[in-house]
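Subject: Handover of the two-chain model

Dear colleague,

Here is the structure I promised to pass on, followed by my notes on what was found in it. Please read the notes with the coordinates open beside them.

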Amino acid sequence: MNIIGKPRRRVDARAKVTGQTIFADDLMLPRMVHCKLLRSPLPHARVLSIDASRALAQPGVYLVLTGGDVPIPYGILPVSQDEHALAIDRVRFVGDPVAAVVARDELTAFAALDLVDVRYEPLHTFAAPEDSLTRDEPRIHEYGDRGNVHKMVSLNFGDVDRALGEADRVFDDTFFYQGNTHLPIEQHAAVAAVDPDGKLVLWSSTQTPHYVHRALAKALAMPAAHIRVIATPNGGGFGGKSDPFNHEVVIAKAALLLDRPVKICLTREEVFYCHRGRHPVLMRFRTGVTRDGTITGMHVQTLLDGGAYGSYGVASTFYTGALQTVTYHIPSYRFQGCRVFTNKPPCGPKRGHGTPQSRFGQEIQLDKIAESLAIDPAELRLRIVERPDTLTANYLRVGTIGLAECVRRVTKSADWNNRFRKMPVGRGLGLACSSYLSGAGLPIYWNDMPHSGVQLKLDRSGGVTAFCGATEIGQGSDDVLVACVAEVLGIEPIDIRAVTGDTDLTPVDLGSYSSRVTLMMGNAAIQAAERARDQLAAAVSRKLSIPAERLVFAERRVFDSADPTVGMSFAEAVCLAEARFGTIGTTGSYTPPQSAARFKGGGVGPSPTYSYTASVVEVVVDPSTGWVEIPRVWIAHDIGRALNPVLVRGQVEGSVYMAIGEALMEEQTFRRLPPRLSQALVHKFPSMLEYKSPTTMDMPEVFTELVEHPDPRGPFGAKEVGQGPLLPIMPAIANAVYDAVGVRIDEVPITPEKILKALDAKAAGRLPRVGPGSFPNISWPAPLDVPPPWEGGDGTARKLEKGSEKVKA
Amino acid sequence: MPMPRHASITLTVNGEPVDAAFAPYKTLLEVLREDLHLCGTKHGCELGECGACAVLLDGQPVLSCLVLGLECEGRIVTTVEGLASDGRLHPLQETFADLGAAQCGYCTPGFLVTAKALLDETPHPTREQIKEALSGNLCRCTGYQQIFEAVEAAIEGSAESLALRPTTATPQAANVARAFQASDPSDQQ
């Protein structure tokens with residue numbers, strides 16, 4: 001390996017340190033005009049009328065759009081086509097776009113928003129998920145499982161009731177995970193224009209240009225082939241730029257109507273209201289264990305506050321119950337999840353998508369189990385870690401597992417055995433583990449096509465261009481693309497130009513979500529490069545009369561492995577191949593292996609392979625103030641193979657950082673305006689001043705260790721790293737707080753107030769805990785019953801009996 | 001609404017004298033991005049909290065979203081575009097690029113100029129001094145650690161050239177250097 005595995009400057013680093021990276025808001029086009037959105041001031045209302053005449057009368061205002069101008073609904077999931085670019089007759093949260101003003105400059109457009117007259121009829125505001133569970137009218141949407149319940153999931157794998165009944169101990173715990181948001185430093189921005197041949201172009205800070213392409217074609221009723229979506233480098237995404245957004249559809253329509261480029265850049269406040277971030281999740285874990293800690297069965301229930309639209313919510317719901325089984329062996333498993341609509345900004349995917357919430361509960365409960373059974377928490381996890389190359393109870397095919405080694409590494413580095421439960425009051429260590437997908441096994445819309453495609457163009461200059469629809473959101477996908485191609489062809493990264501995220505120029509890649517890019521694009525890139533290498537090798541082999549198998553591609557040369565002096569430059573090899581075969585262009589593609597899960601709902605959770613992480617967090621808790629400091633974090637991540645260790649470390653440490661924010665301070669929460677105003681439900685902190693996120697002063701020292709056992713399913717053995725390392729941190733912090741001061745904070749954020757409250761309870765002899773008291777009684781549908789593999793199951797569900805019985809919570 | 005009249009000022013941007021005409025309410029950030037087409041400087045929060053818009057004003061880091069363009073008459077502004085000289089990257093740019101200190105790159109210009117101001121004033125800062133100097137810059141990607149390391153590498157790797165190069169490389173840069181010496185930090189906010 002010449003490139004893979006070596007610490008290297010990423011291919012786009014120069015542009016980023018010189019300010020030359022062109023983000024969406026940096027685009028300035030001739031004749032460009034500016035768009036602002038009028039957003040609803042009410043959380044739930046009928047739109048009775050919109051009068052734009054006063055706005056349109058303003059000098060410099062060119063266009064006002066309302067719902068009727070873009071009436072076709074869209075949405076990221078085929079099952080949740082519930083969004084309109086502008087409200088048709090209903091607004092569902094404060095911030096829901098109602099009208100769009102396009103004007104000669106941003107200020108004129110902004111000023112004209114006040115001149116659009118909208119009459120509303122307020123409707124009941126659903127502020128809490130419990131309200132949505134019990135009150136069916138008015139419905140926020142005319143679809144969903146019932147009333148204001150968007151989605152109910154009930155899955156059963158094996159005889160959980162018997163497993164819990166026969167267990168030595170059953171632990172029953174509830175947890176709450178508060179919502180929080182992505183907070184990318186770049187606000188969403190986009191520019192739409194009609195290109196010289198009359199087709200539409202949209203530049204946007206999106207993580208998923210392919211899905212935006214599809215949504216635009218639908219919402220504008222235009223042939224997809226006449227729309228070009230270009231993903232500009234994202235100034236941070238973290239899942240927040242994965243949906244097709246109102247503003248993208250609106251400016252596309254405006255550009256078509258005005259035949260002028262139209263730009264929009266959201267304000268920071270608008271970004272908070274666009275959200276699509278972490279769902280608030282209330283959850284209950286019932287887990288049966290034997291005396292030695294072996295899990296006999298687990299029953300997980302989750303209630304998700306989805307906000308006002310579907311977004312990725314159906315997938316998010318399944319994800320709260322999908323990955324419990326891939327870390328530890330769980331012989332029987334039941335999952336019941338429920339997502340409700342409320343009149344708040346829609347929740348969606350944030351780094352870890354649906355899994356951090358339940359991982360938080362699972363890992364804290366394991367800590368409690370370990371303590372009750374007098375087993376060291378690290379030892380407990382080592383006993384129950386899932387076996388590699390197995391099929392879990394819910395039919396997830398697990399590949400390599402480096403989790404045990406991760407646990408051993410972090411406990412050794414943190415001197416766990418000498419310090420856990422042995423430090424003075426106020427100082428503590430906590431351990432937690434996790435696992436994450438290396439790419440979703442199924443696409444968002446059903447199809448049999450590849451998930452990622454790569455095309456290579458080689459020409460007589462010796463230069464190579466790599467085309468792929470993957471999107472650079474800061475994670476380094478361009479670097480992975482170039483590195484994989486350079487490694488196979490034996491050239492340097494600088495010899496390759498990456499053209500990415502452009503639906504006109506690049507083959508489809510589904511986008512930067514679900515930690516899928518390195519594995520899927522990487523495999524496609526390797527295939528394309530190997531096909532190019534084979535053509536070059538055939539041409540060189542004939543010219544030099546050397547068997548093709550003996551040829552080596554390295555150091556920008558193609559040469560005989562038996563005699564390295566015999567060979568030629570890479571550019572000469574391309575010329576030979578071009579002369580022999582014609583223009584050199586190859587393709588590669590990647591489709592994940594077929595999932596073993598064949599039941600309804602089995603589409604969420606399967607992945608080609610899973611990454612594993614273990615972490616030990618050290619905390620210092622001041623018992624007089626409840627203040628938590630984190631001096632050190634040890635984290636070991638099973639990456640398979642690190643393609644570029646500099647980038648891998650950046651993903652691990654960035655995950656630790658984001659997790660600390662979620663654990664200690666970040667929350668996307670809402671309040672009612674006072675009665676003298678509208679009583680509208682508004683964001684408590686829609687600014688970067690009030691929404692607290694960790695600064696340089698809050699960041700601990702992070703000791704990152706990479707566990708590298710190449711996984712045959714990954715490119716050069718690589719697995720994901722973008723999301724998994726976030727997951728263990730929040731529960732590890734909670735567990736460390738318990739070690740430090742003996743109180744359980746069973747919810748995030750873990751604030752000083754909650755710690756003080758729990759310490760007060762402890763001092764008063766009450767349960768030293770802050771967390772939800774109970775899980776609501778939900779009348780779940782009868783579970784889909786899928787026998788696990790060890791009970792002779794084949795991944796399909798048993799036929800439902802008629803008159804399906806309700807299962808009591 | 002009435003079309004706002006333009007104000008005209010002369011200032012020095014990245015070593016070059018510049019005339020700028022702009023609506024008087026514009027912030028320095030808007031003047032740089034919209035009127036001078038220096039888009040390397042970013043906006044992130046609109047209220048001086050994130051540090052993405054940091055530039056050097058007479059050598060001191062300021063949040064350009066909180067500075068009016070009109071306040072900059074006769075002053076010296078350095079943006080990320082002015083860090084490289086003679087076709088060579090500033091040592092901080094080299095170390096940020098090599099050590100993973102820039103992921104998405106959106107906060108990077110603000111970090112770079114803030115770090116440059118630190119090193120100009122404190123050539124051998126400790127880790128704590130680096131943390132404190134950069135505490136007004138938010139990064140959501142890196143977890144900051146690789147940024148700290150990049151700043152430290154720029155100290156260790158090329159302390160001499162760092163002290164000399166940006167101020168002596170070009171006549172314009174020499175002007176900047178003089179201006180730095182002339183300006184009294186206590187004059188700044």
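Does D415(A) count as buried, exposed or partly exposed? D415(A) counts as partly exposed, because 13 C-beta neighbours lie inside 10 Å, where a residue is buried if 20 or more other C-beta atoms lie within 10 Å of its own, exposed if 12 or fewer, and partly exposed in between, with C-beta atoms placed from the backbone.

Before the rest, a word on conventions. This is a predicted model, in which local features need pLDDT of at least 70 and side-chain atom pairs count only at pLDDT 80 or more, while totals for chains, interfaces and linings use all residues. Residues are numbered from 1 along each chain as its sequence is written, and chains are lettered from A and ligands numbered from 1 in the order in which they are written.

Backbone geometry in chain A

Most residues other than glycine have a negative phi, and most peptide bonds are trans. D415(A), which is not a glycine, has a positive phi near 55°, and D415(A) sits in the loop between α12 (403–413) and α13 (416–419) of chain A; helices here are DSSP runs of H or I with at least four residues and strands are runs of E with at least two, numbered from the N terminus. Q679(A) is likewise not a glycine and has a positive phi of about 65°, in the loop that connects β28 (670–672) with β29 (681–683) of chain A. Q679(A) is partly exposed, with 14 other C-beta atoms within 10 Å.

Two cis peptide bonds also deserve a look. One runs from E137(A) to P138(A), with omega near -10°, and P138(A) belongs to the loop between α4 (129–134) and β7 (149–157) of chain A. Another runs from V748(A) to P749(A), with omega near -5°, and P749(A) is placed in the loop between β32 (747–748) and α19 (752–763) of chain A.

The sheet in chain A

β7 and β32 of chain A belong to an open sheet of seven strands with mixed pairing, in the order β32-β8-β13-β14-β15-β7-β34, where two strands pair if DSSP finds at least two bridges between them. β32 and β34 (784–785) of chain A are the edge strands, each pairing on one side only. β7(A) and β34(A) run parallel and are joined by two bridges, and L155(A) has L784(A) in β34(A) as its bridge partner.

Chain A is divided into domain 1 (33–123 + 184–237 + 241–274), domain 2 (153–180 + 277–441 + 599–770) and domain 3 (449–590), with bounds that come from an automatic or database domain assignment. The C-alpha centres of domain 1 and domain 3 of chain A are 39 Å apart, and 15 residues of domain 1 are in contact with 15 residues of domain 3, contact being defined as C-beta atoms, placed from the backbone, that lie within 7 Å. On the domain 1 side of that contact, α6 (209–219) and β11 (227–231) of chain A each supply at least two residues.

Helix α15 (residues 517–544) and helix α16 (residues 570–581) of chain A pack at an angle of about 90° with their axes 8 Å apart, the axes being lines fitted to C-alpha atoms over the stretch in contact and the angles running from 0 to 180 degrees between N-to-C directions. That makes α15(A) roughly perpendicular to α16(A), a label that covers 65 to 115 degrees, whereas angles under 35 degrees count as roughly parallel, over 145 as roughly antiparallel and the rest as oblique. Among the residues that meet are L536(A) and V540(A) of α15(A) and L576(A) and F581(A) of α16(A).

Chain B and the interface

Chain B is divided into domain 1 (7–83) and domain 2 (91–166), whose centres, taken over C-alpha atoms, are separated by 21 Å. The contact between these two domains involves 17 residues of domain 1 and 14 residues of domain 2.

Between the chains, the contact takes 40 residues from chain B and 43 residues from chain A. On the chain B side, α2 (91–98), α3 (108–121) and α5 (145–157) give two or more residues, and α2(B) has the largest share, with four residues.

With best regards
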